[in-house]
There are 2 protein chains.
Amino acid sequence: MTGRLTIALDAMGGDHAPGAVLRGANLALRRHPNVNYLVYGRSEDVEPLLRKLKRLRRAVEFVHTDEVVGSDVKPSVALRTGRKSSMRLAIEAVKGNLAKAVVSSGNTGALMAMAKLALRTLPGVDRPAIASFFPTQRGESVMLDLGANVICDSDNLVQFSVMGTAFARSVLGLPAPSFGLLNVGTEEMKGNEALQEAAAILRTTNLAGQFHGFVEGDDIAKGTVDVVVTDGFTGNVALKTAEGTVKLYTEFLRATFRHSLLASLGYLLAKPAMRKLRARVDPRRYNGAVFLGLNGIAVKSHGGSDALGFAHAIGLAVDLARHGFIETMREDFVSLAAARDGTAPRVAAS
Amino acid sequence: MTGRLTIALDAMGGDHAPGAVLRGANLALRRHPNVNYLVYGRSEDVEPLLRKLKRLRRAVEFVHTDEVVGSDVKPSVALRTGRKSSMRLAIEAVKGNLAKAVVSSGNTGALMAMAKLALRTLPGVDRPAIASFFPTQRGESVMLDLGANVICDSDNLVQFSVMGTAFARSVLGLPAPSFGLLNVGTEEMKGNEALQEAAAILRTTNLAGQFHGFVEGDDIAKGTVDVVVTDGFTGNVALKTAEGTVKLYTEFLRATFRHSLLASLGYLLAKPAMRKLRARVDPRRYNGAVFLGLNGIAVKSHGGSDALGFAHAIGLAVDLARHGFIETMREDFVSLAAARDGTAPRVAAS
């Protein structure tokens, strides 16, 4: 699957738009020379940049629009007023099969609302979720939901499990990823009703992934499972807590090396290695949250991401498109429905 | 307040009991020479150690009991069968006013259940919570609940706010600590119903602390507020996620310094400073979770803690007792009741 692939870009989303978007798209062409872009944005902002980025220009089809979704606009307002926005047009390109995926650094809530409306959810999916990679002691894992659904029932958690393992199979190339439900303990009676019900269903339902059971907060960074499944409230808090902890540690480390002349000298010697460490925990490497459960690939890049971060988000969209991710997931939901019609206990949505 | 103070110790709790408990108690005497201990445990395990620790022996009154609460025993079973256990007797010492506080590294659920039954909650407290300190970019903050209550309503969260700020006033010495509710965003409409109701109450109720509003996961390590208030599910996941992230980072750091000869040399030069860094993120420094809302001081030391960790937990118990923490909190709950009877909106428990 190395034929040409078109990705739709919202040039106007994010704190550093359109510069970070276009420079990121340019950067991504190095790793993915067979990608074309459909770029939506304001011509007066986009075209001067395109003139400078020659390699990019050859890969771009540009569509002008005046409308932009503001970063603070409520999703409902964005849906009503942003019909001609760069974000919406980029999503519509996926719906109309002009592009295989859309990438935006814009307003998360608006992007999710528009993507849901335009692309619809796959059969068997009640609610889409937001998923992302993160580094672990064993490599990389996936976590979802990171904030789309504050309250989740057991069916949502079961569906997230299917979505997350499909994602890990496609992008991490694991044939049968392990997955676990995030909880406050690993014993069966731990947690709330939704977790206990979901675990009961997952224990008896044959899925593409391997159900590990419950995992705890420290299992996230340990890499105990390939996919950590949780509600959007807990996932969002866990993700941001981890980010905050990395920043705190980095701050402490900086203070340590400024602590004495010897330490400063030590830092100088270790500098090339430290640069590798920074790259390893660099959030830009993990940029790109995927909206899972939709009938199309939508990747949300961090609002503050620079060109390198945006290039990573594009890379993720390309990987998903090349691996036929939507088809994988569609099949997995057909299997889930069959499994649950058969042997699995039916549990009423709470 | 430097008179003599008695602390009750469960010598048999934790992975390294009774060695870590007794050596920790010995260590704590250096910083707190005016402390006596009431020690409960098996004489055949405890007395040989006491013979070796001479300074400790002079500060100890030892009470033999054969019974020990196992680390995997359910709280309900521990309540029924552990009436003569070292854990229960240590708690009863606080109830009977023989000691000002109890410290145990034993089974958390059993300790909480026994402490609740024996010490009772303070007037105005529906459910006790578990609180602990953690390091931040601005110093130290407090977080609660860390796992006692998986599901919380708005009244619980309001009460946790009072408990947490009373704790921060006593131990951090802040006259009016700032506190915030952990959420997935800072806007008013974010989060679930319990959070929105709790925020509405806290905005209009005059408390000893200053209500900051909602905070997010990355605010924990930033130290945005002195007290982070959350339900026991989210707090437990956030705490363990942060712990796991610190371990991951430390692992990456270790690999970095092994990366090349130059980096190893750099490490040697920076070693004294690195030791300070390790001390700064050393979980033993933050050992000691407090059960808040009880009519008595109960401190839970980590099950895996060593002597140094246990000494920190004792230090925390001493600080709380010296600062008249229970009286502070009792008064704060009288104020809360008065404030809510008066101007504050009454919100039905959900």
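This report describes a predicted model, covering its chain contact, a sheet, a helix, the domains and some backbone details.

## Contact between chains A and B

The two chains meet through 51 residues from chain A and 51 residues from chain B. On the chain A side, the elements that give two or more residues are helix 9 (217-222), helix 10 (232-257) and helix 11 (261-281). Helix 10 of chain A gives the most, with 21 residues.

By residue class, the side of chain A that touches chain B holds 27 nonpolar, 15 polar and nine charged residues.

## The sheet of chain B

Chain B has an open sheet of 11 strands, with mixed pairing and the order 3-2-1-4-11-10-5-6-9-7-8. Strand 3 (60-64) and strand 8 (210-215) of chain B are the edge strands, each pairing on one side only. On average, and with direction ignored, neighbouring strands of this sheet are turned by 25° against each other.

## Helix 12 of chain A

Helix 12 of chain A runs over residues 307-322. At 1.5 Å a residue, its 16 residues should span 22 Å, and the end C-alpha atoms are 22 Å apart, which agrees. The expected span is 1.5 Å times one less than the number of residues.

Is this helix enclosed or open to the outside? Of its 16 residues, 12 are buried, so helix 12 of chain A is largely enclosed by the rest of the structure. A residue counts as buried if 20 or more other C-beta atoms lie within 10 Å of its own. The buried residues of helix 12 of chain A include the run from G309(A) and F310(A) through A317(A) and V318(A). L320(A) and A321(A) are also among them. Just after the helix, G324(A) takes a positive phi of about 55°.

## Domains of chain A

The domain assignment of chain A gives domain 1 as residues 5-119 and domain 2 as residues 129-283 + 331-341. The centres of domain 1 and domain 2 of chain A, taken over C-alpha atoms, are separated by 28 Å.

## Backbone geometry

Most residues other than glycine have a negative phi, and most peptide bonds are trans.

D145(B) is found in the loop between strand 6 (139-144) and helix 7 (154-171) of chain B.

R120(A) is found in the loop between helix 6 (108-119) and strand 5 (129-136) of chain A. With 15 other C-beta atoms within 10 Å, R120(A) is partly exposed. N97(B) has its place in the loop between helix 5 (86-95) and strand 4 of chain B. Why does N97(B) count as exposed? N97(B) counts as exposed because it has 9 C-beta neighbours inside 10 Å, and the cut-off for exposed is 12 or fewer.

## Pairs separated along the chain

A338(B) lies in helix 13 (residues 325-341) of chain B and is partly exposed, with 13 other C-beta atoms within 10 Å. A338(B) and T205(B) are 133 residues apart in sequence, and their C-alpha atoms are 9.8 Å apart in space.

In chain A, S76(A) lies in helix 4 (residues 75-81). S76(A) is exposed, with 11 other C-beta atoms within 10 Å. The C-alpha atoms of S76(A) and G109(A) are separated by 8.9 Å, while the two residues are 33 residues apart along the chain.

Definitions and conventions. Residues numbered from 1 in each chain as written. Chains lettered and ligands numbered in written order. Predicted model: local features only at pLDDT ≥ 70, side-chain atom pairs only at ≥ 80, totals over all residues. Contact = placed C-beta atoms within 7 Å. Helix = DSSP H or I, 4+ residues; strand = E, 2+ residues; numbered from the N terminus. Nonpolar A, V, L, I, M, F, W, Y, C, P; charged D, E, K, R; others polar. Pairing = 2+ DSSP bridges. Axes fitted to C-alpha atoms, helices over the stretch in contact; angles between N-to-C directions. Domains from an automatic or database assignment.
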